[in-house]
Amino acid sequence: MREKLTAIIFILILGGFFILNRVITPPEISQSERRPLEKMPELSFETVKNAAFMDGFESFAADSFVFRDTLRAVRAFNVFYIYNQTDKDGIYIGESGFGKFEPVNEQSWRQVTDKIKIIGDVLKEKNISVYYSFVPDKSIYSGRELPGFHADLAREIMTSELPDYTLIDITNSLSGENFYRTDLHWRQNFLKPVVDTLGEAMGFKVDFARFNEVTAGEFQGVYTGQAALPMRADMLTYLKGTVNTAMYINERTLEWYESDVYDSEAFSGRDPYDIFLKGPQPLIVLENPDAASDKELYLFRDSFGSSIAPVLAEAYRKITLIDLRYIDWRMLPALIEFNENADALFLYSSQIMNNASVLLVK
């Protein structure tokens with residue numbers, strides 16, 4: 001009798017979930033994870049034969065399962081607080097909030113330095129001073145011993161591969177408070193130590209008293225969804241200076257247009273950090289006739305550069321931001337002019353350094 005009752009309950013639960021999954025339409029995008037969910041794969045003789053259907057269906061079933069977010073939260077709670085594991089799929093909780101530790105991919109870091117050399121050699125011919133730096137992985141400021149990023153190894157690779165250029169090490173200019181608790185990015189209004197370190201090496205000074213702090217609002221960063229656990233929301237505050245507009249290039253027409261430095265509409269979108277210079281953009285130009293100097297800066301950057309560039313614009317008359325993830329290096333001479341006696345700074349996060357293939361340099 002007990003076995004029959006157990007079997008009936010199991011069938012009811014299984015059948016209930018089956019019905020719910022048929023009735024409730026799963027969303028196309030996971031807002032918490034900021035990614036599109038897998039769709040039902042095409043069913044055909046060929047996809048069954050090569051196992052593509054089963055592989056795709058397994059991913060689809062995992063993404064479309066009813067109560068998925070609730071079950072993810074239950075699993076995360078068990079991992080961190082019942083089993084006391086260090087991490088869940090690389091996501092950890094430390095003094096600086098959520099993070100995802102990544103070891104240094106030595107091969108990728110050397111590939112990035114090769115790409116920097118290709119560009120740097122061209123810039124040096126124009127008497128452009130070439131500097132480089134890296135944003136270390138947030139995990140080293142977690143207050144925990146984690147098997148992740150090693151700043152000494154990263155520094156050793158870059159200095160050995162780039163002896164002709166100047167390394168600006170900002171590792172000691174950062175701490176856990178410089179980063180958002182729920183996101184991988186740094187906080188613009190906490191960048192004074194970093195800017196001071198860059199300025200000391202590059203010969204400029206930024207007066208932070210010239211900025212007004214503006215609060216955009218609360219947001220949950222990318223790690224909240226990946227960890228599947230609630231955490232106190234971050235407050236995004238940006239620094240409004242003398243430069244309020246920038247020139248952007250249209251990726252389709254390659255025509256320039258003017259728009260705001262801080263995009264308030266983007267703050268309500270999928271990635272609130274896109275408030276800084278509209279997020280992913282191939283080319284941006286910031287001009288400041290009231291800057292502290294007449295010098296120009298070419299900033300080769302990723303998303304971290306979006307938030308530091310408006311601050312650096314107080315020191316440089318013109319800053320050209322170049323994101324080589326979205327534009328091929330070989331296209332640049334037709335779109336921008338590299339002027340003599342300027343500065344160039346390669347500033348990449350450890351995430352980009354670990355994924356050299358995303359930089360379009362050959």
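The following legends describe close-up views of a predicted model.

**Figure 1. Overview of the chain.** The chain contains 10 helices and 14 strands. Of its 362 residues, 49% are buried. Among contacts between residues at least 6 apart in sequence, 70% join residues at least 24 apart. The accessible surface amounts to about 18600 Å², and carbon and sulfur atoms account for 52% of that surface.

**Figure 2. The packing of helix α5 with helix α6.** Two packed helices are described by the angle between their axes and the distance between the axes. Helix α5 spans residues 106-124 and helix α6 spans residues 151-161; their axes come within 10 Å and cross at roughly 35°. The crossing of α5 and α6 is right-handed. On the α5 side, the residues in contact are Glu106, Trp109, Arg110, Thr113, Asp114, Ile116 and Lys117, and they meet Leu153, Ala154, Ile157, Met158, Ser160 and Glu161 of α6. Sorted by class, this contact between α5 and α6 comprises six nonpolar, two polar and five charged residues.

Figure 3. Ser350 belongs to helix α10, which covers residues 350-353. Is Ser350 buried or exposed? Ser350 counts as buried because its relative accessibility is 3%, and the cut-off for a buried residue is under 20%. Leaving aside residues up to four places away in sequence, Ser350 touches Trp109, Val135, Pro136, Asp137 and Phe149. Trp109, one of these neighbours, is also among the α5 residues that meet α6.

**Figure 4. The buried residues of helix α7.** Within helix α7 (residues 192-202), the buried residues are Val194, Val195, Thr197, Leu198, Gly199 and Met202. In an α-helix there are 3.6 residues a turn, so residues three or four places apart point the same way. Which elements do the buried residues of α7 pack against? Their partners are the strands β5 (129-135), β12 (296-301) and β14 (343-349), together with the helix α9 (303-312). After α7 comes Gly203, which has a positive phi near 85°.

**Figure 5. The packing of helix α7 with helix α9.** The axes of α7 and α9 lie 11 Å apart, and the helices pack at an angle of about 65°. Their crossing is right-handed. Val194, Val195 and Leu198 of α7 make this contact with Ile308, Val311 and Leu312 of α9. By class, the contact of α7 with α9 holds six nonpolar residues, with no polar and no charged residues. Val194, Val195 and Leu198 are also among the buried residues of α7.

Notes. Residues are numbered from 1 along each chain as its sequence is written. This is a predicted model: local features need pLDDT of at least 70, side-chain atom pairs count only at pLDDT 80 or more; totals for chains, interfaces and linings use all residues. Side-chain values use heavy atoms; hydrogens and water are left out. Axes are lines fitted to C-alpha atoms, for helices over the stretch in contact, and angles run from 0 to 180 degrees between N-to-C directions. Helices (H or I, at least four residues) and strands (E, at least two) are DSSP runs, numbered from the N terminus. A crossing is left-handed if the near helix is turned anticlockwise from the far one by less than a right angle, and right-handed if clockwise. Contact means heavy atoms within 4.5 Å. Ala, Val, Leu, Ile, Met, Phe, Trp, Tyr, Cys and Pro count as nonpolar, Asp, Glu, Lys and Arg as charged, and the others, Gly among them, as polar. Buried means under 20% relative accessible area, exposed over 50%, partly exposed in between (1.4 Å probe, protein chains only). Accessible areas come from the Shrake-Rupley method with a 1.4 Å probe; for residues, only the protein chains shown count as cover.
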